[in-house]
Every structure is written in structure tokens, then in C-alpha cells.
Amino acid sequence: MLIKDGKAIYSPVSEEFKEGLKWENKLYAEGLLDKEVFTQDDTMRSAKFQNPDAPIVGFTYQWTPDAVFGKWSDQYVTIPPITGPDGKRYTIGNPIGMSLNRNELLITTSSKYPEVAARWADQFYTNEASIQNFWGAIGTVIKKNDDSTYTLMDPPAGTSADAWYWDQSLRDFGPKYVSPSFEQKIVLNPESGDGLKLQLDKLGSEYVTEPFPNVMYTSEEFEELPTLTTDIDGYVNTMRSQFISKGGIDEGWEDYVKQLNKMGLEKLIKIRTDAYSRYMSVK
Amino acid sequence: MKSDPIHFSRKFGQIKQNWGLYTLLFPAVVLTLLFAYKPMYGVLIAFKDYSPALGIGGSPWAGFKYFEKFFNSYQFSATIKNTLVISVYSLITFPIPIMLALMVNQMRPNRFRRFFQTISYMPHFISTVVMVGLMMILFSPSTGLLGNMYSLFGKEAPDLMGSAGLFSSVYVWSDVWQHVGWDSIIFIAALSAVDPSLYEAATVDGASRMHKIRYIDIPMLMPTAITLLILRVGGLLGVGFEKVYLMQNDLNITSSEILSTYVYKIGLLSSQYSFSSAINLFNTVINFILLIMVNQISKKLSENSLW
């Protein structure tokens, strides 16, 4: 699901998606895509990335190089999103650069003192607590400097910065908020971890498609949704891998769309569109 | 029935007499009740709009809503078909351990026989995860053993793990390889219990090896084989979840999505507890009916049955 010109669209039935598949099919046929791309598991994939004798992967869509390529990470550079067949560049991501999530902290109904729990939870939203629960404790991961700026320490040898932060903090989860003025005080190393990500982000940020936001569903909608998405997303993945590995995109496209409609694609789009317009009309 | 005090007191007397045996039985009965019968209460959620906050008792009734939803779903015929194909295919391989047992039984009981037996049942102890990992590595068309063998002859290896058509074969034959030795143990045990005087009498009558297998070994194995076969049929729709799930990928999913993996995806990954319970309950009912049917057939035809 994407937002295009203010409307929610289901991208796997779009023309752009079809053209993308054709291109990937061409790469696959020419042997430029790994033949095992659909069958290998994560360990096999990372074994290829970190192949001991020589780097064997030429191009991949990935996280920061140090988190993926091990000892070969200095051989890889990040490039901006490539131009598609229609002359435009696309990449998935989040244009506002913020991840807004729900249900990060819950208070149980059996709590005797919910107000105390809420007061405790409030502490998570202070600046210093937030950065500690994103990277790690001050003194262990974060260094508080005398001029009241904050810098990140280097990860222990052999660990990637990312893996280290995940070990040390709640990272992507849990409540947090950092005020813009406080953000100025955080000094990140542009050559590793999150600082590097911010640098890399500049390469692609202007091409980011608008993602479908984290909307709220009614309980009736939510009852339908998981069955629809399990079936439809599963079918899209299956057909995607078949189209790429075996081709036949032009001939098979109509049946593919028909099958998706039979599985309730229209219902899925309606649920998502309704939820999206409710989400957008909230003031 | 009229109450019969004498009969009753005799029964009670029997229990009193064999109290030791009943004491030994007691833990097993308690375990069965606790772990097999008590959880059945949870089956109720298949007929309810289950919400964890309301609990099993508090959730509103939904009737057969979820069963209808499954019967009308796109996955219904696909998952049933895939489950049946895989399980009937594995059922056909049922005689293989029997053949192995007959073969081993013909060997002279020496060190080679013990060695052979150990080797053949060793793979049984490989865990499913490791087993599927091994298969992925061995069958990899680019770096695997199979891929290398094909490239020796300048050919490209078929992608066994990524082929929908070959999925059931890969699944069943790797299973046979892994478990044939283990499954044959019970038959070898049954064969070693055959009275040697039968063989001696057969030898006196001039029977050949093949005759002995045909007229002594196979009939002696029949009761064991039938019992195991009935149990296998009872689990016909219950193809092992782990191995199929681990072997699944986007390329073979059209023939590898079976009932249990679908239940897992719907129920645990998408939190549709009632829907997935309904699917699983349906699965269990079918299995139960099959079990009873096969048992009845075998009772009529061969006088071997579970009860």
C-alpha cells in the first residue's frame, strides 16, 4: 500500500510494479540476479555477503555496509536509487523521517495505581531517557561531554555499531521523544552506525514514495483484515517470484489481477481507503 | 442394567487385589486428563468470536461462522489438496521400512549387520531444522553438492528447493531417507520374535529363502504393519508442520502451503485465533473419521484392528 497524490493505492497491481517485474525478470534471465534469491535463508545469504576468500556479491539492497559485509565492508559504497523504466527514481522509506508507532507502552487493567505507572511512563519522554533507550546507557554507549553535547562511543571490536545498539537499548521499541533543540546537542559520527545512516539517507530521501500511514481500524475491519492480507500478500509474493524467475508477465498479468480480485483485493483496498480517510480527517 | 452387588464387589475386589498396577497406571491417567482432555475445552473458541481480553468463557458465540469462512476461502481447496498429496505420497512409502527389515533379517547376525543397522537409523536423530538446512545446502544449484555434480558434466542442476512440482517428492524422499532405519526397528523386533521352529520346518520341506519370506516373515509382520498403518492413516491430514514450514519459500508455496502452516500463519502470526482453531478442528475431525473408517475396513478384511 502506498499513498500517491493523496490517494491510497495498492502498488502490486500498478503499471510501475509490472515494469519493475519485467526488469527484474530480465536481470534474472541474464544471470545477474542470484538464482537462489527466493530459496535461500538468511544464513545462506549472509554467508555469501561475508564469503571468506573474496567478496562475491556485486550489488544488493541493504543496510549500512558494516552491518552486512563484515570484513569486506570497506569495498562497498551506497548509491542513490536507480532510474526506473519510466525515467523516475523510487525508493521506499519514510519522507518525514520519523516513525510514529502505537501501543509502545501499555498499562494493564489490573494495575492498582495506574496514575503512578503513567507518571513513571512519562519519564521515558524526557530527552536524556529517550536517547538512552535508543542507543544505550550514558557511560556505556553514550558519552556526555562537558559542553553538554552527547557523542556515541565506538562499538567493541568485531561488533557493528547497529548490533551493539540493539544489545544495549530498546532501540526501535518503547516510548521516546527528543525535542528539536535537544537534537542539536547530539553529535553523531557520520562514518558509522546512525550517523552514517543519516548521511546515506540524503542520497535517496527526495525519491521516497509516501508510505501508507499507521492508521486505526475498527474492530469489524480488523476481523477481515488479517485473512485478506495473509492470502493476498502471500499470493503477490508467490507470483512475484514466479514472474521474476520464469517470466510470462504480460501474458499472466490479467489472470494475476483477476485472482487478486477474487481473493478480495477490492475489499482490502476499501478497508484501507476508509481507514486512511478517517486518519486524514482527524484534526 | 440392574445393579449387581456381587458383580460389583468382584470388580472392586479385583482392583483391590491389583492395587499396585492401578497405582502405576494412575500418573498416566492424570497426565492424559490434564494434557489431552482438559485443553480440549479451548476448542470452544472455534465457535466463538474469541478475544483474549474476554477469555474463553466470556467471548460471544459465533456459531459456524469461521467454518463457513474457511470453506469459502481461496485457501480451502489449495491447502487440502497440498496436504493430501503430501500425506498420501508418504503413505505409499509405508512398505519401505518393512522391506528394509526383511533385508536386515536375512543378514547373518554379525558385526556388519549391527553396523548397517546403526548407520541406517542414525539420520533419525538429526533435528528437523538441521535436516532442512542440510537439504538447502546440498541441493543448492550453485554451491551445493548436487549443483557441483551437475556442473561436472556441464549441466545446470534443477532447483529442487524452489520447485513447486518437485516439493512433495523432495519432502517425502528426504523423510524416507531420514526415518527408514528407525521405522524398520519395530519390524526387525517383530521378526526376531518369530519361532525358529517355523523356519526349520520350512527348510525340511524344501522352502527357499524367498518362500520363507513370503510365507513366514510377511504374515508374521502383518499385525504390526496393519496397526501402524491405521495409526498413519489417522494422521493423514496432520502432515508435520515443522519440516514443511522450514522448506517453504515463495517459489514452492503453491504446493507447500498445507493446513497446519496456514493455521500457523492465520492463527499465530495474524492473531485470528478463532478462525485458525476452526480450521484445525476441521482437520482433526477429518482425521478422526479416517481413523475409524480404516479401522473398520481392516477389521472386516484382516481381523487386525486397534479396538
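Author: A polar contact is a pair of N or O atoms within 3.5 Å; within protein, one must be able to donate a hydrogen and the other to accept it, and residues adjacent in sequence count only if both atoms are side-chain atoms. This is a predicted model, where local features need pLDDT of at least 70, side-chain atom pairs count only at pLDDT 80 or more, and totals for chains, interfaces and linings use all residues. Residues are numbered from 1 along each chain as its sequence is written, chains are lettered from A and ligands numbered from 1 in the order in which they are written, and side-chain values use heavy atoms, leaving out hydrogens and water.

Reader: Which backbone oxygen does the side chain of B:Asn252 reach?

Author: B:Asn252 sits in the loop between helix H13 (241-247) and helix H14 (253-256) of chain B. Helices are DSSP runs of H or I, at least four residues, numbered from the N terminus. At 3.1 Å, the side chain of B:Asn252 reaches the backbone oxygen of B:Met247.

Reader: Is B:Asn252 buried or exposed?

Author: Contact means heavy atoms within 4.5 Å. Not counting residues up to four places away in sequence, B:Asn252 touches B:Met161, B:Ser163, B:Ala164, B:Phe167 and B:Met247. Buried means under 20% relative accessible area and exposed over 50%, with partly exposed in between (1.4 Å probe, protein chains only). B:Asn252 has 1% relative accessibility and therefore counts as buried.

Reader: How wide an arc do the buried residues of H7(B) cover around the axis?

Author: Helix H7 (residues 111-121) of chain B has B:Arg113, B:Gln117 and B:Ser120 as its buried residues. They are on the same side of H7(B) because the arc they cover around the axis is only 70°.

Reader: Which residues are exposed on the other side of H7(B)?

Author: The cover over the buried residues of H7(B) includes helix H6 (95-106) and helix H10 (167-192) of chain B. On the other side, the exposed residues are B:Arg111, B:Phe112, B:Arg114, B:Phe115 and B:Ile119.

Reader: Which residue caps the N-terminal end of H7(B)?

Author: The cap places a side-chain oxygen 3.1 Å from the backbone nitrogen of B:Phe112. The residue that supplies this oxygen is B:Asn110.

Reader: What percentage of the residues of chain A count as buried?

Author: The C-alpha trace of chain A spans about 65 × 55 × 35 Å along its principal axes. Among its 283 residues, the buried share is 34%.

Methods:
Helix = DSSP H or I, 4+ residues; strand = E, 2+ residues; numbered from the N terminus. Arc of directions from axis to C-beta.
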